[in-house]
Amino acid sequence: ARIEAELRHAIARDELSLHFQPKLDCRTLEPRGVEALLRWVHPTDGAIAPSRFIPVAEQSGQMAALGSAVLRMAIRQMRVWQDAGTPRRVAVNVSPVQLEQPGLVQEVLETLAAHGVAADWLELEITESMLMSTRTPTLARIERLRAAGVHVSIDDFGTGFSNLSQLARLPSDVLKMDRSLLEGIGSNPKAEAILQATVRMAHALGHRVVAEGIETEAQHAFLDGIGCDLVQGFLFARPMPAAEVDAWHRARA
Ligand code: G
Ligand code: G
Ligand code: MN
Ligand code: NA
């Protein structure tokens, strides 16, 4: 209840910010964009994890406002990167509550236009379970965003109950394999076979594949061997404030 009340002030008091975690080409390790991850630093309680406050926001009717604030912060940062001559694709996590808002498409496109950022620099991450349970109007909204050039990725793939054949029906461009799928690499041949089949099927259906939560060289080597496109994880870079992302890029150049 206290988190709920404090969250109402967090936006106005400027306690929210975004960190950005790089995604890299699996083969060449060239940087290929970032995922925006919300951070809340409360003035007395310190950092509060999104896994604690996002469910509270969803249950207390605050997720639409919070999601709007995240979109504005992300697109503002995209403009800063664009002006600096270092445009980066930014992936923003979107909650089911936001996708149910009839005004979402207009909001996203207007915010991009207001900041002079082209739609195809923006990616929206939507969880697998959300996409599977979604209703027709929501799917139509996602399709309109894609038609405007926004990329859509299926987040946390492998944690839901979908099978690979359902992937063909989803309005998406990118599949993000959940980090729980990577745990068997090097020890569980069946888990490895599932990863390989997932990449092959995703490619056959026209999706790029991102593996997230990579922590070891062995995981990276295996994923490279099965043709995974992009990688993201602590092995390469942690989520960081925008200025640290810039320093990270400069250090690699
Ligand atoms: O670092 P990490 O603790 O940031 O994120 C934990 C969880 O919170 C992840 O599942 C992530 O998708 C979710 N999350 C982080 N930022 C956002 C956000 O801006 N919006 C939504 N809906 N979820 C987020
Ligand atoms: O659900 P979503 O994919 O949006 O969540 C991203 C979450 O994964 C964030 O909490 C982020 O901090 C975390 N994360 C990113 N890379 C790694 C990693 O290599 N290992 C672990 N354990 N978590 C990671
Ligand atoms: Mn995500
Ligand atoms: Na995930």
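This is a predicted model: local features need pLDDT of at least 70, side-chain atom pairs count only at pLDDT 80 or more; totals for chains, interfaces and linings use all residues.
**The whole chain**

Begin with the protein chain in a cartoon view, where ten helices and nine strands can be picked out. The radius of gyration of the protein chain is 18 Å, close to the 18 Å that the globule rule gives for 253 residues, so the chain is as compact as a globular protein of that length. Along the principal axes, the C-alpha atoms of the protein chain fill a box of roughly 50 × 45 × 40 Å. If you colour by burial, 38% of the 253 residues count as buried. For contacts in the protein chain between residues at least 6 apart in sequence, 64% join residues that are at least 24 apart.

**Ligand 1**

Select ligand 1 next, together with the residues that surround it, namely Leu37, Leu38, Ala49, Pro50, Ser51, Ile54, Val70, Asn93, Ser95 and Pro239. Colouring the shell around ligand 1 by class shows seven nonpolar and three polar residues, with no charged ones.

**Ligand 2**

Move on to ligand 2, which is surrounded by 13 residues, the closest being Gly213, Glu215, Gly233, Phe234 and Pro239. By class, the shell around ligand 2 holds four nonpolar, four polar and five charged residues.

**Two backbone stops**

Most residues other than glycine have a negative phi, and the last two selections depart from that pattern.

Select Asp14 in the loop between helix H1 (2-10) and strand S1 (16-25), where its phi is near 65°, a positive value in a residue other than glycine. Is Asp14 buried or exposed? Asp14 counts as exposed because it has 9 C-beta neighbours inside 10 Å, and a residue is exposed if that number is 12 or fewer.

Finish at Asp156, which lies in strand S6 (residues 151-157) and has a phi near 60°, again positive in a residue other than glycine. Asp156 counts as buried because it has 20 C-beta neighbours inside 10 Å, and 20 or more is what the buried class requires.

Terms used: Residues are numbered from 1 along each chain as its sequence is written. Chains are lettered from A and ligands numbered from 1 in the order in which they are written. Helices (H or I, at least four residues) and strands (E, at least two) are DSSP runs, numbered from the N terminus. The radius of gyration is taken over C-alpha atoms; the globule rule is 2.2 Å times the number of residues to the power 0.38. Two residues are in contact if their C-beta atoms, placed from the backbone, lie within 7 Å. A residue is near a molecule or strand if its C-beta atom, placed from the backbone, lies within 6 Å of it. Ala, Val, Leu, Ile, Met, Phe, Trp, Tyr, Cys and Pro count as nonpolar, Asp, Glu, Lys and Arg as charged, and the others, Gly among them, as polar.
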